[in-house]
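Work through the exercises below with the structure open. Try each task before reading its solution.

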Amino acid sequence: MSQPTALITTEQLAAILGDPDLRLYDCTTYNEPVPPGSDVPYRAVPGDKTFAAGHIPGADFLDLQGEFSDTSARQFFMMPDVAQLEAAFGHHGLDASKTIVLYSIGTMMWATRFWWMLRSLGVDARVLDGGFDKWKDEGRAIETGAPKGYPTTTFKAAPRAGFFVDKDFVKARIGDPATVTVNALGPQFHRGLEPSRYGRPGRVPGSVNVSAATLVNADKTLTTLADAEAKFAAAGITRDKNVILYCGGGISATIDLLMLTQLGYDKLTLYDASMGEWARDPSLPIETD
């Protein structure tokens, strides 16, 4: 059986709004600037204020850095242990037997991050194509105020190995012909042509560039599978390869991961700490143009 599609359209969501089996979540976070010389690349600010100002009716709010990350880690948004995630998802009423729909504001990457996290726990969710922006632009119903939430559940994960890897894994595969490492940041950062908020400019040596931004249309929906396939193929990413994705903080790369999954690639992993760790560690090699 083919795997369920990871995307849901605004029309499809509107048709099931109010279904008792729907679990709908706004996943928005904002990366706000910090003063030059700060030891963090940005401030991670939950989107609870924009949620209160307007959200899709019935939605709950998930705070990625607050409840769903390892807050003891130096980097933001690091995957915490399974027990923490089971408690947090259960608290928000998430249940694998329900229809789980994720969305975010401004960019889909916050929703795709949660989608990848849930996949790693054995749960398939769907991401709203175009997010809240498209929903709002179409004049669809909007609710304001704090989240009402869903009844709590006992969330039991069925963890799948290999969805997240660390710097040692990435370093060990530099030069491995069976592996392709993919940077989802913009080309100017990939080439090391601009200063990086993460530390040293540049990329993991030998990595190729398929910027997440090139997979997104002007209306914030994702590009067609044919266009994505062409972009990945042009970078030498093929189904026989082990594919490691990275970006700045393990967020935007999940847009690439969603598209690759939709295209039937299955040897995929995410370097969770990404350049937030790599660029700051002088013992790790870095490459620029």
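The exercises that follow concern a predicted model.

**Exercise 1. Describe how α5 packs on α10.**

Step 1. A packed helix pair is described by the angle between the axes and the distance between them.

Step 2. Apply them. Helix α10 covers residues 253-262, and its axis comes within 8 Å of the α5 axis. The two axes cross at roughly 60 degrees.

Step 3. Classify the angle. Roughly perpendicular requires 65 to 115 degrees. The helices α5 and α10 are therefore oblique to each other.

Step 4. Assign the hand. The crossing of α5 with α10 is left-handed.

Step 5. Name the residues. From α5 come Met109, Thr112, Arg113, Trp115, Trp116 and Arg119. From α10 come Thr254, Ile255, Leu257, Leu258 and Thr261.

Step 6. Sort them by class. The contact of α5 with α10 holds 6 nonpolar, 3 polar and 2 charged residues.

**Exercise 2. Turn to α9 and α10: what is the angle between them, and which residues meet?**

Step 1. Take the geometry. The axes of α9 and α10 lie 10 Å apart, at an angle of about 110 degrees.

Step 2. Classify the pair. The helices α9 and α10 are therefore roughly perpendicular to each other.

Step 3. List the partners. Leu225, Ala228 and Phe232 in α9 meet Asp256, Met259, Leu260 and Gln262 in α10.

Step 4. Sort them. The contact of α9 with α10 divides into 5 nonpolar residues, 1 polar and 1 charged.

**Exercise 3. Find the buried residues of α4 and what they pack against.**

Step 1. Read along α4, residues 82-91. Its buried residues are Leu85, Glu86, Ala88, Phe89 and Gly90.

Step 2. Identify the neighbours. These buried residues of α4 pack against α3 (64-67) and α5.

Step 3. Look past the helix end. Just after α4, Gly93 has a positive phi of about 75 degrees.

**Exercise 4. Locate Phe77 and Lys220, which have positive phi without being glycines, and give their accessibility.**

Step 1. Start with Phe77. Its phi is about 65 degrees. Phe77 belongs to the loop between α3 and α4. With a relative accessible area of 0%, Phe77 is buried.

Step 2. Go on to Lys220. Its phi is near 75 degrees. Lys220 lies in the loop between β10 (208-209) and α9 (225-234). At 29% relative accessibility, Lys220 is partly exposed.

**Exercise 5. Where is Pro36, and how far is its C-alpha atom from that of Arg197?**

Step 1. Pro36 is in the loop between β3 (29-32) and β4 (43-46).

Step 2. Check the accessibility. Pro36 has a value of 86%, so it counts as exposed.

Step 3. Pro36 and Arg197 are 161 residues apart along the chain. Their C-alpha atoms are separated by 8.9 Å.

Key: Residues are numbered from 1 along each chain as its sequence is written. This is a predicted model: local features need pLDDT of at least 70, side-chain atom pairs count only at pLDDT 80 or more; totals for chains, interfaces and linings use all residues. Side-chain values use heavy atoms; hydrogens and water are left out. Axes are lines fitted to C-alpha atoms, for helices over the stretch in contact, and angles run from 0 to 180 degrees between N-to-C directions. Helices (H or I, at least four residues) and strands (E, at least two) are DSSP runs, numbered from the N terminus. Angles under 35 degrees count as roughly parallel, over 145 as roughly antiparallel, 65 to 115 as roughly perpendicular and the rest as oblique. A crossing is left-handed if the near helix is turned anticlockwise from the far one by less than a right angle, and right-handed if clockwise. Contact means heavy atoms within 4.5 Å. Ala, Val, Leu, Ile, Met, Phe, Trp, Tyr, Cys and Pro count as nonpolar, Asp, Glu, Lys and Arg as charged, and the others, Gly among them, as polar. Buried means under 20% relative accessible area, exposed over 50%, partly exposed in between (1.4 Å probe, protein chains only).
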